[in-house]
Amino acid sequence: MPGPMVQAEAVHKRFGPLEVLKGITLEVAPREVMCLLGPSGSGKSTFLRCINHLEKINSGRLRVDGELVGYEERGDRLHELPEREVCRRRTEIGMVFQRFNLFPHMTALENVAAAPVLVKKEPRADVATRARALLDRVGLSDKIEAYPNQLSGGQQQRVAIARALAMQPKLMLFDEPTSALDPELVGEVLDVMRALAEEGMTMIVVTHEIGFAREVGDTLVFMDEGVVVEAGTPREVIANPRHERTKAFLSKVL
Amino acid sequence: MQSTEGHRPEEIRAVPLRHPGRWAAAAVLLVLAVMLAHNMLTNPRWQWGVIRSNLFSPPIVSGAENTIKITIFAMAIGVILGILLAVMRLSPNQVLSSAAWLFIWFFRGTPVYLQLTFWFAISSLFPTFGLGVPFGPEFVHLSANTIITPLVAGLLGLGLNEGAYYAEIVRAGILSVDHGQFEAAQSLGMRRATLMRKIVLPQAMRVIVPPTGNELNNMLKTTSLLVVVTYPELMYQTTNDAARTFEAIPFYVGACMWYLFMTTLLTMGQFYVERYYARGSSYALPPTPIQRMRRNLTTLRRIPFSASGTGGS
């Protein structure tokens, strides 16, 4: 029985005096798709950013595949990891952003191939082949030479997913991947994510797409004001929310 | 909605707006231009013959070459130093960022002329330079006068000063790059140095290039201050020749021509560099002069009533 892919124990995060995460405890198993739901400001994006150490947590323990994020435990003290080690662990975690954040000075192919070449020092030819295959997989084999500003939002987000996959991560984080898209472009991105989930990728998805959460998610976690209000299978939570706050939120988005 | 094809309304042929102000301004400027041209042709003190026979004389040409050489070297020092200082100033390491701030504060806060004089006179402060253990034994021992030649003094003065200014330009460029770019690069496991070199600086270049053109242009002209360190660049040679022959004006007019020629070349180069770094950032790149010329010629032919008197060309 393998251990959890992500394990959070009483994770707290403060920005100055503002406490954004007030003790998050949850586990994500390998091959699990977890959807994080909640009103804006509930801390779900912050939690996601803590997982790859874009934000430092203030207390609690956060582990990815058994290793602490950003720290090392020696004796009874935590030691900050050197940049090299933080970066190595990030290469195993893919992240997709709400605003795509493609590199605008690079073509779609260069965007996908950049990190394997620059970070993992893989041979260019191998990476180019893999990058082409990935762009093909997200349905963009005809946009290989296009710059991001020549692509629609949905196409950009699919390139961003291919870019994250090029590092062959064992965990994918999605931070509201469809929130910045025109409604008719949401479907193409969700289709790519659905296919990824079917292939067994471990995914944590911050989303407002209830339909996606119900169909694809294995677990649904509802967060509000920095705490997990309730968690369960999506059908359970959506059909019979136990908490008032979950009910109120779902009644607005459904 | 019905299609309007087939009965399109007739083309608008309005009477063009008249611009009497433009005509008046053009007339005044034309008179001034004719006066200047008349003076240049009839006033013998311009001494066009002297200009013609000295514009390509060996001292002037070698002076121009030295001007170009020192512009390139000093600018290279300035650019490398500026990038280094900008990255240092934005570094989370406070010792580095304070050191960069202090450097910029000093070199932007004192006149470049003074800095040049100072470097030239440095031998009276440090008669010798040594290489060795601080406060310990020295391995290499050199006299300041052999190291600090006019060229080195000039490069130090111009290069360090430029570095301080250029740092601020690079910093503005780095700050102009969207924060999401840093996060995307970090999430892919890029280290800070890679992130800066491959992701942030290439994007910052769009903001950095136009002021760099300015700086380069300025640098080329500021080399004329190297007269003070007796480095034989264009201005030094011009002044020498002017003093030797008692013909000030023709030599200074010649120097003007040389400087204008060199700065014009730089401006043309800048245009193409800007186009290169604009890739992926705008849908339509600005047309090159050749493209623009071709377009103007074709549109000229399409103007239906260009001879009606407002264009006035």
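## Where the two chains meet

Chain A gives 25 residues to the contact, and chain B gives 23. The model is predicted. The size of an interface is often given as the accessible area lost when the parts come together. Here the area buried between chain A and chain B is about 2200 Å². Carbon and sulfur atoms give 58% of that area. Which residues of chain A lose the most area to chain B? They are Phe103(A), His105(A) and Asn149(A), which together make up 28% of what that side buries.

Two salt bridges are counted between chain A and chain B. Glu183(B) forms a salt bridge with Arg49(A), and their closest N and O atoms are 2.6 Å apart.

Several elements of chain A give two or more residues to the side that touches chain B. They are helix H2 (83–90), strand S8, helix H3 (108–118) and helix H5 (153–165). H2(A) gives the largest share, with four residues. By class, this side of chain A has 15 nonpolar, five polar and five charged residues.

## The six-stranded sheet of chain A

Chain A holds an open sheet of six strands with mixed pairing. The order is S8-S9-S10-S3-S11-S12. Its edge strands are S8 (93–96) and S12 (227–232), and each pairs on one side only. From one strand to the next, the twist averages 15°.

Phe174(A) has Val205(A) in S10(A) as its bridge partner. Helix H6 (183–198) of chain A packs on the sheet. H6(A) touches S3 (33–37), S9 and S10 of chain A, and its direction makes about 145° with that of S10(A).

## The four-stranded sheet of chain A

Another open sheet of chain A has four strands, in the order S2-S1-S4-S5, with antiparallel pairing. S2 (18–28) and S5 (67–68) are its edge strands, each pairing on one side only. Arg63(A) has Leu68(A) in S5(A) as its bridge partner. Helix H1 (44–51) of chain A lies across S1 (6–15), S2 and S4, running at about 65° to S2(A).

## Strand pairs side by side

| Strands | Residues | Sense | Bridges |
|---|---|---|---|
| S4(A) and S5(A) | S4(A): 59–64 | antiparallel | two |
| S1(B) and S2(B) | 128–132 and 138–143 | antiparallel | five |

In the chain B pair, Gly130(B) has His141(B) in S2(B) as its bridge partner. S1(B) and S2(B) form a hairpin with five residues between the strands. In that hairpin, Phe135(B) takes a positive phi near 60°.

## Salt bridges in the whole structure

How many salt bridges does a search of the whole structure find? Over all chains, there are 27. One of them joins Arg89(A) and Glu67(A), with the closest N and O atoms 3.7 Å apart. This pair links distant parts of the chain. Arg89(A) is in helix H2 and Glu67(A) is in strand S5, 22 residues apart. Side chains of opposite charge can pair when their charged atoms come close.

Notes. Residues numbered from 1 in each chain as written. Chains lettered and ligands numbered in written order. Predicted model: local features only at pLDDT ≥ 70, side-chain atom pairs only at ≥ 80, totals over all residues. Heavy atoms only, no water. Pairing = 2+ DSSP bridges. Axes fitted to C-alpha atoms, helices over the stretch in contact; angles between N-to-C directions. Contact = heavy atoms within 4.5 Å. Buried area = accessible area lost by both parts, 1.4 Å probe. Salt bridge = Lys/Arg side-chain N within 4 Å of Asp/Glu carboxyl O. Nonpolar A, V, L, I, M, F, W, Y, C, P; charged D, E, K, R; others polar.
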